[in-house]
Amino acid sequence: MRPSDHFGRNAWTLPRRPDPLSTLMWRCDRDPSLRPALVLVVLLDRAPEPERLRAGHEWATRMIPRLRDRLVAPLLTPRTPIWTPDPEFDIGRHLRRAALPRPGGRRALLDLAEQLAAAPFDLDRPPWESVLVEELPGESEPYRAAWLVKLHHCLADGPQLAFWFATLLSRTRTPRTDKPQPPAPPRWLDTPLTEQLVGTLADDATSAARGLARAARAAAGSPVRSTLGIGTMAYRLMEVTTRPAGKPSPLLRPRGTTRRFEGVEIDLDRLRATARANDVSVNAAYCAGLFTGLRLYHQAHRVTTPSTSAAITLPVSRTGPRTGNQFNGGKFAGPLDDQDPKSLCRTLEQSLTRA
């Protein structure tokens, strides 16, 4: 999949209507306990030049035009929002600098990230912001600055965000001279009046009619197979949405909206080696470390429970354009009473497979 297929002018044709999951996340922003923000903390050896940082952000919004878009509810169909360019887009409204209070250090930086994550988005603007911390007082070498990026989950999921950063960020300090320079996308006033009123409803109706016709032909040709397919889908939907996966931990149940950020260093090479040694996936090895930490947390608070309910995002294959959120969710009971690493890895591998 070529990056050029999803950047610059080619990205102008990305779907205007968000997928259902992204629409749901957009609506969840009104609830502080469900506010879907992605926050990235990047440690830097030194602060970049202000003008170069601003120019880099402006270039990124031309390479990823969705960063200039906001979700707007059409006048006649407010429940089906569409992506439209911000008519007053200004990179200065999304980029700012911040200073840490003394003595500073990693804890003060994570506290700032917490505040950034807790603040609501201005949904009248493209839902993202970037913060440069030019000095990290109290932080040891080689980190002297930090870069915080906050994006609304309706813009992208984790793999999408990683794809953007891996493609746009240079691996050298010297500026690249061969970068493509696409123009800025059209403004909101270029959006057809029908879309401003009803969004993509007309196009959706045409697509839905075609899909209904295809489904009707398939059902007429094989009614038994169609009925079994619908029954299987309904059963799977009930499994995912209604049936519990273990009991919630009594220690984790009384949680509120406050979030506490911490940093955990993970050696990816050792994690992959652990997964290979136990013949499990990297996800299973990672979850084994996570549930071991949760077991020790419960022991420290003298709370005994055999397991706790857990949920995990499961990636799906991307066959269309890279946009929005493309993942499924799975639920399972995470064991908190298994102290043998190999046994825990294999149990979690089976749980993830079933999920």
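Is D279 buried or exposed? D279 is exposed, with a relative accessible area of 70%, where exposed means over 50% relative accessible area, buried under 20% and partly exposed in between, computed with a 1.4 Å probe on protein chains only.

## Basis of the model

This is a predicted model, in which local features need pLDDT of at least 70 and side-chain atom pairs count only at pLDDT 80 or more, while totals for chains, interfaces and linings use all residues. Residues are numbered from 1 along each chain as its sequence is written, and side-chain values use heavy atoms, with hydrogens and water left out.

## Overall make-up

The protein has 10 helices and eight strands, these elements being DSSP runs numbered from the N terminus (helices H or I of at least four residues, strands E of at least two). Of its 355 residues, 37% count as buried. Among the contacts in the protein with a separation of 6 or more, 75% are accounted for by residues 24 or more positions apart, a contact meaning heavy atoms within 4.5 Å.

Helix α2 covers residues 50-63, and its 14 residues should span 20 Å at 1.5 Å a residue, which agrees with the 20 Å between its end C-alpha atoms; the expected span is 1.5 Å times one less than the number of residues. The buried residues of α2 are L53, H57, W59, A60, T61, R62 and M63. These buried residues pack against the strands β4 (95-98), β5 (128-133) and β6 (145-152), and also against helix α4 (158-168).

## Two nonpolar cores

A nonpolar core is here a set of buried Ala, Val, Leu, Ile, Met, Phe, Trp, Tyr and Cys residues joined through side-chain atoms within 4.5 Å. The largest one holds 29 residues, of which F7, I64, L67, W128, L151, W164 and L168 touch the most other members. At least two residues of this core come from each of β1 (37-44), α2, β5, β6 and α4, and the largest share, five residues, is supplied by α4.

F7, leaving aside its neighbours within four places in sequence, is in contact with M63, I64, F163, W164, T167 and L168. Another core, of 17 residues, lies apart from the largest one and has A275, I312, L336 and C345 among its members.

## The α8 and α9 pair

Helix α8 (residues 268-277) and helix α9 (residues 282-300) pack with their axes 8 Å apart and at an angle of about 105°. The axes are lines fitted to C-alpha atoms, for helices over the stretch in contact, and angles run from 0 to 180 degrees between N-to-C directions. The angle makes α8 roughly perpendicular to α9, a term used for 65 to 115 degrees, whereas angles under 35 count as roughly parallel, over 145 as roughly antiparallel and the rest as oblique.

On the α8 side the contact is made by L271, R272 and A275, and on the α9 side by V282, A285 and Y286. The residues of this contact divide into five nonpolar, no polar and one charged, with Ala, Val, Leu, Ile, Met, Phe, Trp, Tyr, Cys and Pro counted as nonpolar, Asp, Glu, Lys and Arg as charged, and the others, Gly among them, as polar.

## Backbone features in loops

D279, the residue of the opening question, lies in the loop between α8 and α9, and its phi is near 55°, a positive value in a residue other than glycine. R302 also has a phi near 55°, positive although the residue is not glycine; R302 is placed in the loop between α9 and β7 (307-315) and counts as exposed at 80% relative accessibility.

The peptide bond from R102 to P103 is cis, with omega near 5°. P103 is in the loop between β4 and α3 (105-118).

## Buried and exposed loop residues

H153, in the loop between β6 and α4, is buried with a relative accessible area of 14%. Apart from its neighbours within four places in sequence, H153 is in contact with M25, P36, L38, N325 and F327.

L336 lies in the loop between β8 (327-335) and α10 (341-354) and is buried, with a relative accessible area of 7%. Leaving aside neighbours within four places in sequence, L336 is in contact with F291, L294, R295, H298, T305, P306, S307 and T308. By contrast, S317, in the loop between β7 and β8, counts as exposed at 61% relative accessibility.
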